Amino acid sequence: MTPLALVGPPRLTGLRTPAGQGVYRIGRGESQAAVSFDPADERRRQNLLTWFERGGEPGATLLIDDWKLCAESDPGLADAVRWITTTAHEVNVVITARVLGDLPDNVRLQVEVLDFLALHGIHEFSRTLAWKGRWWKVPIGVDGAGEPVVVELTRFVDGKWRTGSHLSITSPGAFRSLVLGLMTTHSPRLFQTILIDAHDTDAFAGLDQAPHVQSHHRNATRNPAQLADMLLAESQRRLEVVGNTWTIFHHRGFDQVLPQLLVCVNGFEDIVKADPSFAADLVIVAKDVGKSGIQLLLDSPHATTDLQIDDCTAPANLEELAVSLPLLMHRTEPAPDFFTLHDLPKHAWRPRPVALQYRAPVGADEHGQPVEVDLKSTHLQDGMGPHGEVVAPPERRAEALNALILGQLLRHSPDDLRVTFIGGPTGLDEAPHVWHGDLLDDLDRRARTLADNGFRTTWDYRAALLAQKELKHPLPELLVCVNGVRDLVEADPELLKVLQALSEAGRNYGQHLLLADSTPSDLPGVSLSYRLELTERGWTRRISRSVESFVLPTDLADVTRSLPIAMRG
């Protein structure tokens, strides 16, 4: 006997759960079940489970209402349910869960997804919280056996190079579920789509209202060659933008803005019948997916597709949300507060993968998604640094400085990062990361420490110490914040020599310059790789040719006052 799992909010699962005599429920709140025990009532809960484990009574139903809630009170609940379903053949088990991810991994289930948002682990749509996708996998429904169907958006070539997958989905509901799922979980900054319909149907009804849609082409059988030329031209444009970068994913790693482009084709076979060369042109577009980022989604199999899905049932309320969600995506939302932006409840000093170290948001873009600054060296660790600047009037300069610095302090302990201030105050002097000392002496100390231990960079040094599971002599990165740098250099020319020395050696020795002034500093011998600038339209982040607008967290002033003190414990 395979338990039935109903996934969705209580207002939907409640309509499907059994009620009345013979139903024994573990759950919280009101219920129509004959017997109901709160998960926290350990004695009654365990007695009920034991009764079912021994066979219960023929036709009895065990209802576990809200699996996550119940499992928090009973870590052995999954084992009990697995035993019941294996040995008690004349009873039934029904489980509810608010989102798909709440279901247990080690229990075989017959899953019914009643709510599209629950399929994606979302209770209520908001751009800030929902658009967290990273172009990896997306669930679209369940198969005939009740198992979740998850589409792999990427694959690895030669086990090494990540590239996009081309897909064919023959079920119209599953086809629409994939497109809406990508729109629901990915920002238009990361994912956009071109919709192509062989005829004038409602295949993309509702979906075509989403901000991700570049264009919607109806009656494509009338002029397939024109569409093919458009796709070939877009592929060529993207190849020129990516240039010599290995893949579009490496290109995006440098924070260049080039979203994945999914070309969705409904009625593919009819278009090919009208013009057989359309398929040949798609093959040309498809082969460059690694660099161009153009992926295909067809409603019928083709030689270009890597993954074919035929057996999939979409969530019950898909069509309702295919109309409402794309419109919600245009709704203006307030800027996130500081901890929402960082997706952390408080400061979290823990080890992180190298790619995430010294990388933190400074604000949110127009879609509510983080705009980040990565202090790591562009050349050594694929970061955005090691050095940057803030350009703004004196009265606004501290805003961006504090947003950048607080984001780094939130994630890194004083053993990983120190900060020193030269010039005007920023309000962060109470943070335990603040360091006072001579910069050239510190540079000399770092050089000697690395040389004495046989390391070239502070990264090599820290990696070796962590591999020994001991951090006896930490060598943290140092962020040198110089506020009003032009006036300071004019008043003390020796400061320029210090900045020049740190600019040259900083990437190896872990010293990062953060200069601030009313205009770009352009100091001789000082190379900067990123800029936060206050323009007429607001704050922007500039890295080479990439320019991103952003807004600062709404409560930045409050966090500036409270977080440095909280970090001291």
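Threonine 458 lies in helix H18, residues 458-467. Helices (H or I, at least four residues) and strands (E, at least two) are DSSP runs, numbered from the N terminus. This is a predicted model: local features need pLDDT of at least 70, side-chain atom pairs count only at pLDDT 80 or more, and totals for chains, interfaces and linings use all residues. Residues are numbered from 1 along each chain as its sequence is written, and side-chain values use heavy atoms, with hydrogens and water left out.

**Threonine 458**
- Threonine 458 is buried, at a relative accessible area of 0% (buried: under 20% relative accessible area, 1.4 Å probe, protein chains only).
- Its contacts (heavy atoms within 4.5 Å) are Arg446, Leu450, Leu475, Glu477, Asn508, Tyr509 and Gly510, leaving aside residues up to four places away in sequence.

**Helix H13**
- Helix H13 spans residues 318-328, and its buried residues are Leu318, Leu321, Ala322, Leu325 and Pro326.
- They cover an arc of only 115° around the axis, so they sit on the same side of H13 (the arc is that of the directions from the helix axis to the C-beta atoms).
- An α-helix has 3.6 residues a turn, so residues three or four places apart point the same way.
- The buried residues of H13 pack against helix H5 (116-119) and helix H7 (172-185).

**Strands S7 and S8**
- In strand S7 (residues 137-142), 5 of the 6 residues are buried, so S7 is largely enclosed by the rest of the structure.
- S7 runs antiparallel to strand S8 (residues 148-152), joined by 5 bridges (two strands pair if DSSP finds at least two bridges between them).
- Lysine 137 has glutamate 152 in S8 as its bridge partner.
- S7 and S8 form a hairpin with 5 residues between them. In the turn, glycine 146 has a positive phi of about 80°.

Technical notes: Buried < 20%, exposed > 50% of the residue type's maximum accessible area, 1.4 Å probe, protein only.
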